[in-house]
Amino acid sequence: MTISTFVRHLREGAKSVFRNGWMSVASVTSIIVSLLILGVFTLLVLNVNAFADEADSQVQIKAYLNSDVTEAVRDQIYNDIGSMEEVSKVTLIPKAEGLKDFREKLGEEGKDLLEGYDETTNPIPDTFEVQVIEPTTAPYVASKITALNDKYEEKPIYKVNYGQGTVEKLFKITRAIRNIGFAFVAGLGLMAMFLISNTIRVTILARRREIGIMKLVGATNTFIRWPFFVEGALIGLMGSLITVGVLFFSYNELVSSVKADVTLAIQLVPLSEIGMELGGLLVGLGLLIGIWGSTMSIRKFLKV
Amino acid sequence: MLKRAIYRDGIIDLGRDQVIEMQDVWKTYPNGTHALKGVSVKIDRNEFVYLVGPSGAGKSTFMKLIYREEVPTKGQISVNGFNIGKLKPRKIPYVRRNIGVIFQDFRLLPKLSAYENVAFALEVIEAPKKVIKKRVMEVLDLVGLKNKANRDPSQLSGGEQQRVAIARAIVNNPSVIIADEPTGNLDPETSWGIMQLLDEINFRGTTIVMATHNKEIVNTMRKRVIAIEHGNIVRDQLRGEYGYDY
């Protein structure tokens, strides 16, 4: 292909976007609608995911020791827990600190409750706070910590707590939200393609004539295909850029209004973290849909 | 007859007289219609041939086979030295560049100007821009539309639109022009203008095969007449007449 022919294809593709007027508007619009829905749901899924990750990471195992455990045993257990491969972090909260924390938690109103307790009569046991690498392993790690009791004649661990029941429920919910979200996004992607191919099917009648004439004067299939390819790419690009513009602007507004509202406990994922990927995805998808739709619509007319 | 070496797409045609040759050509459509039943004919370089016969006799099939819109069910067709029936799909565009086709309904691209419609046939073969401009204006001048080059088909009369179509058909200097009732949509006066144009193109060395129902034209502008009925050639006269009453 010569350069001037290539320039011609680009020019013809661009021209025909304008020549086909309302059909182009319809195609661009259906790309915008599809991508916008897709974008909104992707953002929703991303935020639910971030929220779920946040909730997951707050899963924590607490192991309470009996009050008569010696320091040697305590250090032994500390090392045992620390050497488990699922565990990311172990913190010892000594009983004195535990009492202080508890006092702070109760505040002025509960001051009387802990009146009279001191270093020697402290009812709070030594406590290990255990963080696991993969939140879903919490129940398993908890049972492993409980099993440490078997190494000693007198069980040093009084109780292991990881929010039994609640944690399992949380995992179930976050998993469900993720799966539904991804299924939704995939379904919407397919719907977008269907919408575009339908729009393009309408233009076929006009195109049939055009392609017939091109073939008659001796145009090769490649030559015929190029301007359509360019046209599809342009339509996809226009649709996706408008979508990205609208979506990002609105989302940014939303993020800052959520940030400004101190009564809301949740925080949205800022655009700077996901903008590049999401923008790239939407533009790429727009291009793909546009090109795919346009070339599909002429394919059957290229057969002799 | 002209005896000269013609180089076209790498095929050297040394002094071959026949531009079109059909040998026992049959065409049966998938619905079982026998459009052509063993047609054999030779059309020489520089000839002007009228194709006459009732509707549905096989005239259109005859012409579609020449520009490879259809392939024969049986038999051989050669056009410009190419065996049309055995042509690889990849090669079809190159064969068509040597055949100009004109239709009753003009078949112009409605959103392109007269100039662009004609230039299109040259862009397709990737001719340089300068050549395109020069050649398009040349043929628009020949068909008498130099001053209306920038008009859209909708701004042109039927006769003018057909002139644009003719300009497009000849812009590549084809050796053959296939015209399927080129005057079918035009009033008598305009039709004569088109016929004079075709006659001049033929005079300049292009073979013309034209299907028509216009008795007056065939009987006045005497040329070779091939009559087709029920898929067979029933008459072939060098300076023939229309021969039908409709």
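## Notes on the predicted model

1. Tryptophan contacts. Leaving aside residues up to four places away in sequence, W26(B) touches L36(B), K37(B) and G38(B), and also the run P72(B), T73(B), K74(B) and G75(B). The model is a predicted one, and these contacts should be read accordingly. W26(B) lies in strand β3 of chain B, and the C-alpha atoms of W26(B) and G75(B) are separated by 6.2 Å although the two residues are 49 residues apart along the chain.

2. Is W26(B) buried or partly exposed? W26(B) is partly exposed, because 15 other C-beta atoms lie within 10 Å, whereas a buried residue would need 20 or more.

3. Strand β3 (residues 18-28) of chain B pairs with strand β4 (residues 34-44) of chain B in the antiparallel sense, over eight bridges. Within this pairing, K27(B) has L36(B) in β4(B) as its bridge partner. β3(B) and β4(B) form a hairpin with five residues between them, and in the turn G32(B) has a positive phi of about 95°.

4. Chain B as a whole. Chain B has seven helices and 12 strands, and buried residues make up 43% of its 246 residues. Of the contacts in chain B with a separation of 6 or more, 67% are accounted for by residues 24 or more positions apart.

5. Confidence. The mean pLDDT of chain B is 90, with 93% of its residues reaching 70 or more. Where in chain B is confidence lowest, and where is it highest? The lowest value falls in strand β1 (residues 5-8) of chain B, at a mean of 44, and the highest in strand β10 (residues 207-211) of chain B, at 97. Over residues 1-14 of chain B the pLDDT is below 50, and this stretch has 18 contacts in the model beyond near neighbours in sequence. For the model, the scores are ipTM 0.81 and pTM 0.67.

6. The interface. In the model, 18 residues of chain B are in contact with 14 residues of chain A. On the side of chain B that touches chain A, α2 (92-96) and α3 (114-123) of chain B each supply at least two residues, and α2(B) gives the most, with four residues. By class, that side of chain B has 10 nonpolar and eight charged residues, and no polar ones.

7. The sheet of chain A. Four strands of chain A form an open sheet in the order β2-β3-β1-β4, with antiparallel pairing. Because β2 (87-93) and β4 (157-161) of chain A stand at the edges, each with a single partner strand, one side of each is left without a neighbour in the sheet. From one strand to the next, the twist averages 20°.

8. Pairing and packing in chain A. β2(A) pairs with strand β3 (residues 127-132) of chain A in the antiparallel sense over six bridges, and V90(A) has V130(A) in β3(A) as its bridge partner. Helix α3 (residues 71-82) of chain A packs on the sheet, where it touches β1 (61-65), β2 and β3 of chain A, and the direction of this helix makes about 160° with that of β2(A).

Key:
Residues are numbered from 1 along each chain as its sequence is written. Chains are lettered from A and ligands numbered from 1 in the order in which they are written. This is a predicted model: local features need pLDDT of at least 70, side-chain atom pairs count only at pLDDT 80 or more; totals for chains, interfaces and linings use all residues. Two residues are in contact if their C-beta atoms, placed from the backbone, lie within 7 Å. Ala, Val, Leu, Ile, Met, Phe, Trp, Tyr, Cys and Pro count as nonpolar, Asp, Glu, Lys and Arg as charged, and the others, Gly among them, as polar. pLDDT is the predictor's confidence in each residue, from 0 to 100. A residue is buried if 20 or more other C-beta atoms lie within 10 Å of its own, exposed if 12 or fewer, and partly exposed in between; C-beta atoms are placed from the backbone. Two strands pair if DSSP finds at least two bridges between them. Axes are lines fitted to C-alpha atoms, for helices over the stretch in contact, and angles run from 0 to 180 degrees between N-to-C directions.
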